[in-house]
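Subject: Handover of a structure, with findings

Dear colleague,

Please find below the structure that I am handing over to you. My findings follow it, arranged by topic.

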Amino acid sequence: MSSKDNSVFALVDCNNFYASCEKLFRPDLAKVPVVVLSNNDGCVVARSKEAKQLGIKMGVPVFQVQALMRQHGVRAFSSNYALYADMSQRVMSTLEAMAPKVEVYSIDEAFLDLAGLQPLRNLTAFGLEIRQRIQQWQGITVCVGIAPSKTLAKLANHAAKTWHKTGGVVDLTDRSRQRKLLALLPVNEVWGIGGKLSKRLQQLGIDTALQLADANPNYIRQHFSVVVERTVRELNGESCMVLEDIASTKKQIISSRSFGQRITDKHQMCEAISEYISRACNKLRHEQQQAKHLTVFMRTSPFSDKDPPYSASKSVALDTPASDTRLFLAKAMQLLDVLWVNGHRYAKAGVMLTDFYDPGVVQPDLFCEQANVAEQPGRAQADQKLMQLIDKLNAKQSKTIWFASQGGKQEWSMKRDMLSPAYTTNWGELPAVK
Ligand SMILES: [Mg+2]
């Protein structure tokens, strides 16, 4: 468990992200209630502010609210994953240019590490600047929560969204403000405390976030888990969460990282993208989901004035939802060919899987490429078994089996700023005698 003194995090979260993306290019819908529907247009997965005010609930089947929607002229859109993924990349690269350390948590949320900023800048003013810039550059409204731990930053963000008077930015670095807010929030609003957990906590008389913060961490560890104990510490301003502690939101899987060193070679980029695909698909299978949309993105550093800026993303849809690493690898390599431009020094790349389905829900299309499966009985099961076997072997010891395109050495992943020249093995790095 690591704890950093003076840690400060900002959680930046886009408001009504999918619905906001739809409104962006339709100024005529500025004041119109808008909903976005799940795949096959079955359920509501995003709502604009106006749609929320009508009482349309998240996840509700469309047929249940059809009358209401007609009555109030609600506009519905099918999910446009390519648009959302691209807008997400634009928002994230704006954030990356404002803070040196950005962790993309979901398609519309990112944590910024603001440690050390405070003596230089007022945190609320900085939050407002983030908000203003994304509004101006991407046309998307965000809320910003600032606090000494990620769990508190999440709650600060919740407060910024809930209470208009905050202006969309809440700085929760002050201890007494933390306690005031925690007292107002039910325990199930706390990050990672789901329905089941909050029921068990309530049986112990813990109803509010503040009561959880004041619980004895050792008692909580014994009766719940180390993760809940960390939550208690985080609620007290002690930073000890790494992102992996929190289950993904299941709306999308993002695998991305800044490279240890710049990539200038397409072969290395291919390795990096393959590595991210492999991790994302492993996670997808772990969550027993299938995905249909893949986005690949890559960009140069926003901080270097030497490098001309380049940032691009591209999406593609599979014929049918899948979780097979090989299918996504093949598509990713096609996207890489489109996105790759020689001459750039790439600082970051990543992949995002969206448009999730439960396995077995979708009938394969007999005429699509992937439906070769239909001609070869047993093929689908064999493919599934292969992936399960790979996951099983890699779970025991990571990278027991990997795809050739991932590369064995992955030199791009290592930070080697301090590396001395290859005096003896590279003509270009021979020691110079003056
Ligand atoms: Mg959001």
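I begin with the metal site. Along the sequence, the residues that donate to the magnesium ion follow the spacing D-C-x93-D. The protein donors are Asp 13 (OD), Cys 14 (O) and Asp 108 (OD), and they lie 2.2 to 2.4 Å from the magnesium ion. Asp 13 and Cys 14 are both buried.

Please note that this is a predicted model. The average pLDDT of the chain is 87, and 88% of the residues score at least 70. Among the elements of the chain, strand S7 (residues 142-147) has the highest mean pLDDT, at 98, while helix H14 (residues 372-375) has the lowest, at 50.

As to the overall fold, the chain contains 15 helices and twelve strands. It has 434 residues, of which 47% are buried. Of the contacts in the chain with a separation of 6 or more, 68% are between residues 24 or more positions apart.

Next comes the loop that holds Asn 15, between strand S1 (9-14) and helix H1. Asn 15 has a relative accessibility of 17% and therefore counts as buried, the cut-off being under 20%. Not counting residues up to four places away in sequence, Asn 15 touches Ser 20, Thr 141, Val 142, Cys 143 and Lys 161.

Helix H1 also deserves a description of its own. How do the axes of helix H1 (residues 17-24) and helix H4 (residues 81-98) cross? They come within 10 Å and cross at roughly 95°, which means that H1 is roughly perpendicular to H4. On the H1 side, the residues in this contact are Phe 17, Tyr 18, Cys 21, Glu 22 and Leu 24. They meet Tyr 81, Leu 83, Tyr 84, Met 87 and Ser 88 of H4. By type, the residues of the contact of H1 with H4 comprise eight nonpolar, one polar and one charged.

Tyr 18 lies in helix H1 and, with a relative accessibility of 6%, counts as buried. Which residues is Tyr 18 in contact with, leaving aside its neighbours within four places in sequence? They are Val 36, Val 45, Ala 46, Tyr 81, Tyr 84, Ile 107 and Gln 252. Val 36 is 18 residues from Tyr 18 along the chain, and the C-alpha atoms of the two are separated by 6.8 Å.

Finally, I draw your attention to the backbone at two residues. Gln 288 is not a glycine, yet it has a positive phi of about 55°. Gln 288 is found in the loop between helix H12 (266-286) and strand S10 (290-300). Is Gln 288 buried or exposed? Its relative accessibility is 60%, so Gln 288 counts as exposed, given that exposed means over 50%.

Asp 355 is likewise not a glycine and has a positive phi, of about 65°. Asp 355 has its place in strand S12 (residues 346-357). With a relative accessible area of 5%, Asp 355 is buried.

In brief, the points to look at in the model are the magnesium ion with its donors Asp 13, Cys 14 and Asp 108, the crossing of H1 and H4, and the positive phi values of Gln 288 and Asp 355.

Yours sincerely

Definitions and conventions
Residues are numbered from 1 along each chain as its sequence is written. This is a predicted model: local features need pLDDT of at least 70, side-chain atom pairs count only at pLDDT 80 or more; totals for chains, interfaces and linings use all residues. Side-chain values use heavy atoms; hydrogens and water are left out. Axes are lines fitted to C-alpha atoms, for helices over the stretch in contact, and angles run from 0 to 180 degrees between N-to-C directions. Helices (H or I, at least four residues) and strands (E, at least two) are DSSP runs, numbered from the N terminus. Angles under 35 degrees count as roughly parallel, over 145 as roughly antiparallel, 65 to 115 as roughly perpendicular and the rest as oblique. Contact means heavy atoms within 4.5 Å. Ala, Val, Leu, Ile, Met, Phe, Trp, Tyr, Cys and Pro count as nonpolar, Asp, Glu, Lys and Arg as charged, and the others, Gly among them, as polar. Buried means under 20% relative accessible area, exposed over 50%, partly exposed in between (1.4 Å probe, protein chains only). Donors are N, O and S atoms within 2.8 Å of the metal (3.2 Å for Na, K and Ca); water is not among the atoms, so sites may look incomplete. pLDDT is the predictor's confidence in each residue, from 0 to 100.
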